Amino acid sequence: MTDAIATGSSPPADAAPRRSRSLYAQAIRELLTYWSARLGLAWIFLVVTAGVFSPFIASSHPIVWNYKGHWESPMLHNITQVDVVLVVLYFAVIVLALLRHVSLLVRLAIYVGILFMVIQLAYLLVRPPMNIDYSRYWQAEHAGDAQSVVRTIIPYSPSDRMLYATEFTQNLRPSRQFLLGTTENGEDVLSRMLHACRIASAIGFISTGISLVIGVIVGAFMGYFAGWLDLIGMRLIEMFEAIPTLILLITLVAIYGRSLYMIMIIIGLTGWTGKARFVRAEFLRLRNQDFVYAAQALGLPLWSVLFRHMLPNGLTPLLISVSFGVASAILSESTLSFLGLGPVDSPSWGQMLDQARGVGTSFHWWMAVFPGVAIFMTVFAYNMVGEALRDALDPKLLKRE
Amino acid sequence: MLSYVIRRILLVFPTLLGITVIVYFMIALAPGGIGANLLSSEGTMRPEERKAMQEYLNKRYALDKPVTVRYFHWLNRISPVGFTDKAEGKSAFGFKAPDFGESFIRRRPVGDLIRESLPITLLLNILSMPLIYALSILVGIRAAARRGGAFDKASSTLFLALWSFPVILAGTLAIGFLTNEKYVHWFPANGLHDILSDNMPFLPHHGANGWERGWLFDTAWHLVLPVLCLSYGSFAVLSKLSRGAILDNILADYARTARAKGVSEKAVLYRHVLRNSLLPLITVAAGILPELIGGAVIVETIFGLPGMGRLGVDAVRQKDLDLVLAVTIMGTLLGLVGNLIADIGYALADPRVSYD
């Protein structure tokens, strides 16, 4: 609301920042003054970008080639629905972030609209071939059927075992041809790592989103109604916190299966307690304030009082727990994959780390160091952003302005 | 005080009961439920075998009853207090041996498997806990005493980095580089004992072949890497915390009073400030224990220690349901006991805690 008023009579853009900024905008500005947050956000941006564009960066399919006189693009031909959805959403986020005049809620609504439309359209229009034959390109080139082949920067798909190659490609050390080496199945490590960015980011965001929704709803009801509902809720939270997370995770994965979406839900289900605690404390503080009484007196429905009037007042500090939550979700996913219980059939950093120890005492250091450092850097980046956010939002430390 | 401790202990039982509900129903609500995996092999059986199997499972897990009945059936089976079947078809209420069921893969009672593996997990935790506390308090004091110094300034980021460092990476690197003949072979790679450890005398000694390490040293040598891997994450958290706690206290009025009275800086730090700073550290112990037990799962799997965490992972991989349930409940019980000890410790350490 303040946004709308402020933009209605906005002074010139180069005017000095005023104190009337919302806590949210203030926190973001404050956040960017920390170098650790900047570095962390830059790394997160890199990982997300690599995840979204991985099929265009690392693919065995040539971008374009001239096959028997026809110009074709095997890469576009083999693109999947998920690739299309992710690329569109990526640009939608950037465009919507630039639309400063529109309020956050409207932007969110537009985003969700785009999301549904893109998913519908992608599954209607995009039909990737069922069987992918990587050896076809190699054979075509050697038979002289294909001319002017333009390949991606890393010309290997993550699941391309290069069975067509003249030499074995299993367990190769980093070299000119394979910058970060190859796996025991003969796949390129760098390509797999780039594609794994997608799983890591997706699991991080979606499972944190799930835990956020559960935590906010449970916490809001507990804090708003207080009394016995609060008492029962707190006992429930204590119970969930007493179960060691990793043991709960592996148990649930064992029983509900290892599909990617199931793992997202399971990680989300184990991470909501902290957020619920936080929202509860915030709502307990807010429930006796005048604006809440006013909203109640107006006869607004419960959801409106809770989520339109009270929640925005306690939302900003939740960003801290979201940032730490993404870090721990990524860590959970890589740990599950490392234990051999991760998502099936998709490249993941944890799974590669697991493969570093081969038969007997053989140890393929490149399979441990590169994916492992990727996990570390990503987790560290999210934690640094969370830490900087905590400092930025700490009223004791708000010394600027 | 005593009544607080008793009340705190009594509170464990409803919590544990609630956890059994959560765990059981999460599993029972899965597609196919408890029975799905158990009956999955029946296609390969002869009809009479299959019927016998079904009857046995129905009796054992009450699979023909609704899920709530099944839950109470299971709860009665694993609880040390409950109904037992007498020979004449009557049942009696009283103490009994908890029956965790039988591992379908290993063909052994789950209780025995847990009894063998639990001490190893406990050993790892008991070794890590004092190590973490001692080191982190030392580091915290050092950082706080020289606040503003280079070490203090870097410490915040360093601790965060250490905390973010995945155990799976640390373990894999340690195994790959420190236990490998190709690099350095400083530590044994696998297990808790050497193959020949049964023939070793207990203590290190000088024998016919010069110095021999003995059983105790051999075990300790095997435990170095696992304990280090298990501890460093919690160490980072606690160091950060103890630095903050000491900083909060080092400028407090009572510390200033002590200094004004001429007490040396060292005595102020160790006799006055440290005691008050320990309180938040005791509270965190409650949160660290479940984390350590979770961490033990990873560490035991990487280093091949036959502990409960590894048992759980194996059980999950083999879909050995009774074992999975038992490990989950036991892990939770450990966490609850840790919580309990932390709460009681806090009450002992801080006389200001009220016990109403």
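**Ground rules.** Residues are numbered from 1 along each chain as its sequence is written, while chains are lettered from A and ligands numbered from 1 in the order in which they are written. The model is predicted, so local features need pLDDT of at least 70 and side-chain atom pairs count only at pLDDT 80 or more, but totals for chains, interfaces and linings use all residues.

**Chain A overall.** I counted elements to begin with: chain A has 17 helices and three strands. Helices here are DSSP runs of H or I with at least four residues, strands are runs of E with at least two, and both are numbered from the N terminus. The C-alpha atoms fill a box of roughly 80 × 55 × 45 Å along the principal axes. Of the 401 residues of chain A, 39% are buried; that takes 20 or more other C-beta atoms within 10 Å of a residue's own, against 12 or fewer for exposed, with partly exposed in between, and C-beta atoms are placed from the backbone.

I found an open sheet of three strands in chain A, with order 2-1-3 and antiparallel pairing. To pair, two strands need at least two DSSP bridges between them. Strand 2 (70–72) and strand 3 (146–150) of chain A are the edges, each pairing on one side only. The twist averages 15 degrees from one strand to the next. Strand 1 (residues 64–67) of chain A is joined to strand 3 of chain A by three bridges, and A:N66 sits opposite A:Q147.

**Helix 12 of chain A.** This one covers residues 273–286, 14 residues in all, and reaches 20 Å from its first C-alpha to its last. That is close to the expected 20 Å, where the expected span is 1.5 Å times one less than the number of residues. Its buried residues include A:A276, A:V279, A:R280 and A:F283. I checked what the buried residues pack against: helix 8 (189–225), helix 9, helix 14 (302–310) and helix 15 of chain A.

**Helices 10 and 11 of chain A.** Their axes come within 10 Å and cross at roughly 150 degrees. Axes are lines fitted to C-alpha atoms, for helices over the stretch in contact, and angles run from 0 to 180 degrees between N-to-C directions. Among the residues that meet are A:L248 and A:L252 from helix 10 of chain A, and A:I263 and A:I266 from helix 11 of chain A. By class, I get nine nonpolar, two polar and no charged. Nonpolar means Ala, Val, Leu, Ile, Met, Phe, Trp, Tyr, Cys and Pro, charged means Asp, Glu, Lys and Arg, and the others, Gly among them, are polar.

**Over in chain B.** Helix 5 (residues 110–145) and helix 8 (residues 214–250) of chain B pack at about 40 degrees, with axes 6 Å apart. Their contact divides into 20 nonpolar, seven polar and one charged. B:D218 lies in helix 8 of chain B. Why does B:D218 count as partly exposed? Because 19 other C-beta atoms lie within 10 Å. B:D218 and B:P188 are 30 residues apart in sequence and 9.4 Å apart in space, C-alpha to C-alpha.

Note on methods. Two residues are in contact if their C-beta atoms, placed from the backbone, lie within 7 Å.
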